[in-house]
Amino acid sequence: MNIVLTGDRPTGKLHIGHYVGSLKKRVSIQGKYDKSFIMIADTQALSDNALNPEKVRDSVIEVMLDYLSVGLKPELNTFFIQSLVPELAELTMYYMNFVNLGRLSRNPTVKAEMKQKGYGDQIPVGFLCYPISQAADITAFKANLIPVGDDQLPMIEQTNEIVRRINNHFNKNILEECKPLLSNVKRLPGIDGKSKMSKSLNNAIYLSDNRECISRKVMSMYTDPNHIRIEDPGNIEGNVVFKYLDAFDPNKDEVEKLKKHYEKGGLGDVTIKKRLIEVLDQELNPIRLRRQQLEQNKDELLIMLKEGSEYARTIASDTLAEIKKVFYLNY
Ligand code: TRP
């Protein structure tokens with residue numbers, strides 16, 4: 001059986017970094033495997049938003065709107081809400097006994113996030129442990145294929161470590177190892193050129209942004225600070241406009257020509273930015289239109305998520321029962 005599972009934290013609307021990094025890949029593989037689960041990870045979102053639960057709650061529907069607008073189909077995927085499957089929390093509790101603190105603190109993605117959030121020595125324990133809960137999310141469904149962006153690779157590694165420890169120790173193939181399904185576009189930088197596009201850095205273009213908003217953001221994009229006059233030779237390296245053109249422009253040959261021209265000199269930032277605005281608008285316009293239609297029926301989306309969660313629960317509770325048996329908790 002090939003089982004796909006993936007998800008996102010609902011901490012706001014999804015942006016084009018999510019889109020090229022993972023959503024597009026999910027759309028392209030949907031229907032190809034035996035089962036597919038897409039989880040809105042509200043529990044995980046609370047691990048660094050515990051004092052902001054309304055934001056998480058409101059974002060659940062926003063993320064679902066983004067999912068359906070990019071073309072993920074309810075007939076081909078089970079969408080569910082993490083907290084509506086409490087078995088995942090219970091599994092997390094058991095898995096915690098198989099991971100040590102040093103291992104958790106060395107997780108590169110968690111380390112980067114802690115630095116960005118400036119926790120210092122005030123790290124919420126729940127936050128440090130979210131890779132364990134992610135292992136529970138994945139293994140509860142016996143998922144072996146995980147479409148995610150490359151920042152999630154350490155979570156996959158952590159999951160497989162837990163799986164191996166439990167399988168080896170109890171000498172049974174109880175849990176399934178998993179592997180990532182990566183998209184071919186590496187992580188998109190923010191419009192300010194910082195390595196990560198994120199809501200908290202205020203450098204994101206959202207899937208739901210309108211044309212005017214996209215234009216404004218592209219026009220403010222980081223390019224080459226030394227490319228002052230049009231005739232100056234420009235630098236492609238670290239130039240966000242070209243990074244985005246690489247990710248979105250269907251005409252690769254033309255982009256290569258533009259890069260050469262830019263490096264030689266004589267091609268202005270405004271010209272490439274205008275091209276990028278067109279390219280982005282072409283790609284995002286149908287997504288936006290679908291979103292507007294779906295926004296009329298937000299109640300239906302919640303119903304769909306609740307139904308998906310009920311089904312997800314039946315599967316997670318079967319796995320939990322198997323695990324509890326192994327741990328002598330089958331009273
Ligand atoms: N950590 C993921 C994110 O930040 C969300 C997530 C939670 C997830 N559980 C998962 C992704 C399981 C893949 C598989 O977006």
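Predicted model: local features only at pLDDT ≥ 70, side-chain atom pairs only at ≥ 80, totals over all residues.
Me: Are Tyr119 and Phe127 buried or exposed?

Reply: Buried means under 20% relative accessible area. Tyr119 and Phe127 are both buried.

Me: Which residues do ring pairs link into a cluster?

Reply: Look for pairs that join up. Here Phe37, Phe80, Phe141 and Tyr311 are linked into a cluster by ring pairs.

Me: Which residue lies over the face of Tyr130?

Reply: For Arg, check where CZ sits relative to the ring centre and the ring normal. Arg9 lies over the face of Tyr130, 4.4 Å from the ring centre.

Me: Now the ligand. Where does the ligand sit?

Reply: The ligand sits in the largest pocket. There are 14 residues around the ligand. Met39, Gln44, Gln134, Asp137 and Gln152 come nearest.

Me: Which side chain has an N or O atom 2.9 Å from a nitrogen atom of the ligand?

Reply: A polar contact is a pair of N or O atoms within 3.5 Å. The side chain of Gln152 places an N or O atom 2.9 Å from a ligand nitrogen. Gln134 has a polar side-chain atom 3.0 Å from a nitrogen atom of the ligand. Arg9 returns here: an N or O atom of its side chain is 3.3 Å from a ligand oxygen.

Me: What share of the ligand's area does the protein bury?

Reply: Compare the ligand alone with the ligand in place. Alone, the ligand exposes 370 Å², and the protein buries 92% of that.

Note on methods:
Residues numbered from 1 in each chain as written. Heavy atoms only, no water. Buried < 20%, exposed > 50% of the residue type's maximum accessible area, 1.4 Å probe, protein only. Phe/Tyr/Trp six-rings, centres within 6.5 Å; stacked < 30°, edge-to-face > 60°. Lys NZ or Arg CZ within 6 Å of the ring centre and 35° of its normal. Near = heavy atom within 4 Å. Polar contact = N/O pair within 3.5 Å; in protein donor to acceptor, adjacent residues only side chain to side chain. Areas by Shrake-Rupley, 256 points an atom, 1.4 Å probe, with all protein chains shown as cover. 1 Å grid on protein atoms, 1.4 Å probe; cavity = no way out; pocket = protein on both sides within 12 Å on 5 of 7 lines; lining within 4 Å. Sits in = over half its atoms within 2 Å of the grid points.
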